[in-house]
Amino acid sequence: MIVDDAVPVCSRAGCRAPASWRIDWRNPRIHAPDRVKSWTACEEHRAFLSEYLSARNFPVASVPLDPDAESAT
Ligand SMILES: [Zn+2]
């Protein structure tokens with residue numbers, strides 16, 4: 001997990017757009033039921049990433065990121 005004090009960036013390879021979504025997913029074949037992986041996605045790639053995961057029959061949930069809440073320091 002990459003922790004940065006800047007705005008989170010989209011997880012899509014080659015994309016540097018600021019993420020506005022978090023995609024929570026897991027691979028039931030290798031991950032325990034309580035293990036959840038998180039990707040971040042920009043508006044443009046949210047559908048791409050969630051479809052990529054759901055096409056593999058992974059449970060997927062998209063959660064909107066709230067930059068105002070995240071950056072409250
Ligand atoms: Zn993107």
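Against which strands do the buried residues of H1 pack? In this predicted model, the buried residues of H1 pack against E1, E2 and E3.

**Figure 1. Overall fold of the predicted protein chain, with 2 helices and 3 strands.** Along the sequence, these elements follow the pattern β-β-α-β-α. The protein chain has 73 residues, of which 19% are buried. Of the contacts between residues at least 6 apart in sequence, 57% join residues at least 24 apart.

**Figure 2. The antiparallel open sheet, with strand order E2-E1-E3.** Strand E2 (37–41) and E3 stand at the edges, and each has a single partner strand, so one side of each lacks a neighbour in the sheet. On average, neighbouring strands are turned by 25° against each other, direction ignored. Strand E1 (residues 21–25) is joined to E3 by 5 bridges, the two running antiparallel. Between E1 and E2, which also run antiparallel, there are 5 bridges.

**Figure 3. The two faces of strand E1.** In a regular strand, side chains alternate between the two faces of the sheet. The covered face of E1 carries Trp21, Ile23 and Trp25, whereas Arg22 and Asp24 belong to the uncovered face. Asp24 has Ala61 in E3 as its bridge partner.

**Figure 4. Helix H1 lying across E1, E2 and E3.** The helix comprises residues 46–54 and runs at about 160° to E3. Within H1, the buried residues are Arg46, Leu49 and Leu53. These residues lie on the same side of H1, because they cover an arc of only 80° around the axis. The exposed residues Ala47, Glu51 and Ser54 are carried by the face turned away from the buried side of H1. As for the packing partners of the helix, its buried residues meet E1, E2 and E3.

**Figure 5. The largest nonpolar core, formed by 10 residues.** Nonpolar side chains tend to be buried together in soluble globular proteins. The members of this core are Cys10, Ala19, Trp21, Ile23, Trp25, Trp39, Ala41, Cys42, Leu49 and Leu53. At least two residues of the core come from each of E1, E2 and H1. E1 gives the most, with 3 residues. Trp21, Ile23 and Trp25, listed above as core members, also make up the covered face of E1. From H1, Leu49 and Leu53 take part in the core, and both are among the buried residues of that helix.

**Figure 6. Surroundings of Trp25.** Trp25 stands opposite Val60 in E3, and its bridge partner in E2 is Lys37. Apart from neighbours within four places in sequence, Trp25 is in contact with Lys37, Leu53, Phe58, Pro59 and Val60. One of these contacts, Leu53, is a buried residue of H1.

**Figure 7. Val63 in strand E3.** Is Val63 buried or exposed? Val63 is exposed, because 10 other C-beta atoms lie within 10 Å, and a residue with 12 or fewer counts as exposed. Leaving aside neighbours within four places in sequence, Val63 is in contact with Trp21, Arg22 and Asp24. The C-alpha atoms of Val63 and Ile23 are separated by 6.2 Å, and the two residues are 40 residues apart along the chain.

Notes
Residues are numbered from 1 along each chain as its sequence is written. This is a predicted model: local features need pLDDT of at least 70, side-chain atom pairs count only at pLDDT 80 or more; totals for chains, interfaces and linings use all residues. Helices (H or I, at least four residues) and strands (E, at least two) are DSSP runs, numbered from the N terminus. A residue is buried if 20 or more other C-beta atoms lie within 10 Å of its own, exposed if 12 or fewer, and partly exposed in between; C-beta atoms are placed from the backbone. Two residues are in contact if their C-beta atoms, placed from the backbone, lie within 7 Å. Two strands pair if DSSP finds at least two bridges between them. Axes are lines fitted to C-alpha atoms, for helices over the stretch in contact, and angles run from 0 to 180 degrees between N-to-C directions. The arc is that of the directions from the helix axis to the C-beta atoms. A nonpolar core is a set of buried Ala, Val, Leu, Ile, Met, Phe, Trp, Tyr and Cys residues joined through C-beta atoms within 7 Å.
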